[in-house]
Amino acid sequence: MIQLDIFSDPICPWCYIGKANLDRALADIPDHPFNIRWLPFMLNPAMPADGMDRREYLEGKFGGQEGAVQAYLPVHQHAEAAGLEIHLDKITRTPNTVDAHRLIHWSAMEGTQTAVVSKMFRAYFVEGRDISDHEVLADIADECAMDASVVLRLLKSDEDRREIVERDAAARGMGINSVPTFIVAGQHAVPGAQPPELWAKVIEEIRNGPVETA
């Protein structure tokens, strides 16, 4: 198997779209060679623990309401092209994602990581839920056959919080400054929400010889 590391943040719309495109490619290649691992990257590492009002955050980031609208037009277009349901109007707060990343980290130990990531994207982008809320995260864990009571207990502690922060810093140290970023076989970076056709090409190259990706 070939390791495919995906640096992602569950509040990143391009990560949501990128996962959907990868899923479409892999659905057409059921014997694909990838062992997938989701790794943390925080779009907003300095985000307050209780998050921010989403409109205030976006207008500050993109220079006002019009800038925010223009920045998200391609998101809507690409989400529609990927066949994704997305309801950005339901999102009222931009959360701190440290705890969401902790849950994703723990889910890897139980073999449910991709399922948890999928549920988290849906909770945020479709249902507009606050994925920094411990009860929301426990619900996601329960839906993925994890023990919600254990997850709640861990979330109330500082378990693995430092590791998430250090992994985020390590990703930046590697030169990753945007997500999604896919690392194939520990060597080859595939940045951005690439179309399914790109993944089909990568898999073909893996099967035929050395991988050559941007």
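Helices (H or I, at least four residues) and strands (E, at least two) are DSSP runs, numbered from the N terminus. The model on screen is predicted: local features need pLDDT of at least 70, side-chain atom pairs count only at pLDDT 80 or more, and totals for chains, interfaces and linings use all residues. Residues are numbered from 1 along each chain as its sequence is written, and side-chain values use heavy atoms, with hydrogens and water left out.

**Stop 1**

Select residues 181-184, which are strand 5, and residues 188-191, which are strand 6. The two strands pair in the antiparallel sense over four bridges; two strands count as paired if DSSP finds at least two bridges between them. Valine 184 has histidine 188 as its bridge partner, and threonine 181 stands opposite proline 191.

**Stop 2**

In which order do the four strands of the open sheet run? The order is 2-1-5-6, and the pairing is mixed. Strand 2 (34-40) and strand 6 are at the edges with a single partner strand each, so one side of each has no neighbour in the sheet. From one strand to the next, the twist averages 20 degrees. Axes here are lines fitted to C-alpha atoms, for helices over the stretch in contact, and angles run from 0 to 180 degrees between N-to-C directions.

**Stop 2: serine 8**

Serine 8 is in strand 1. Is this residue buried or exposed? Its relative accessibility is 5%, so serine 8 counts as buried. Buried means under 20% relative accessible area, exposed over 50%, and partly exposed in between (1.4 Å probe, protein chains only). Leaving aside neighbours within four places in sequence, serine 8 is in contact (heavy atoms within 4.5 Å) with residues including Cys15, Trp38, His101 and Phe121.

**Stop 3: helix 4**

Select residues 98-109 for helix 4. Ten of its twelve residues are buried, so helix 4 is largely enclosed by the rest of the structure. Among the buried ones are Asp99, His101, Arg102 and Trp106. Their cover includes strand 1, strand 2, helix 5 (113-125), helix 6 (134-143), helix 7 (148-155) and helix 8. Just after helix 4, glycine 111 has a positive phi of about 70 degrees.

**Stop 4: helix 3**

Move to residues 65-81, the 17 residues of helix 3. Where is the kink in this helix? A kink of about 25 degrees lies at tyrosine 72, shortly before proline 74; the bend at a residue is the angle between axes fitted to the seven residues ending there and the seven starting there. Ala68, Tyr72, Val75 and Ala79 are buried in helix 3, and what covers its buried residues includes helix 1 (13-27) and helix 2 (54-62). Just after the helix, glycine 83 takes a positive phi of about 75 degrees.

**Stop 5: phenylalanine 34**

Finish at phenylalanine 34. Leaving aside neighbours within four places in sequence, phenylalanine 34 is in contact with residues including Met1, Leu26, Val184 and Trp199.

Notes:
Expected span 1.5 Å × (residues − 1).
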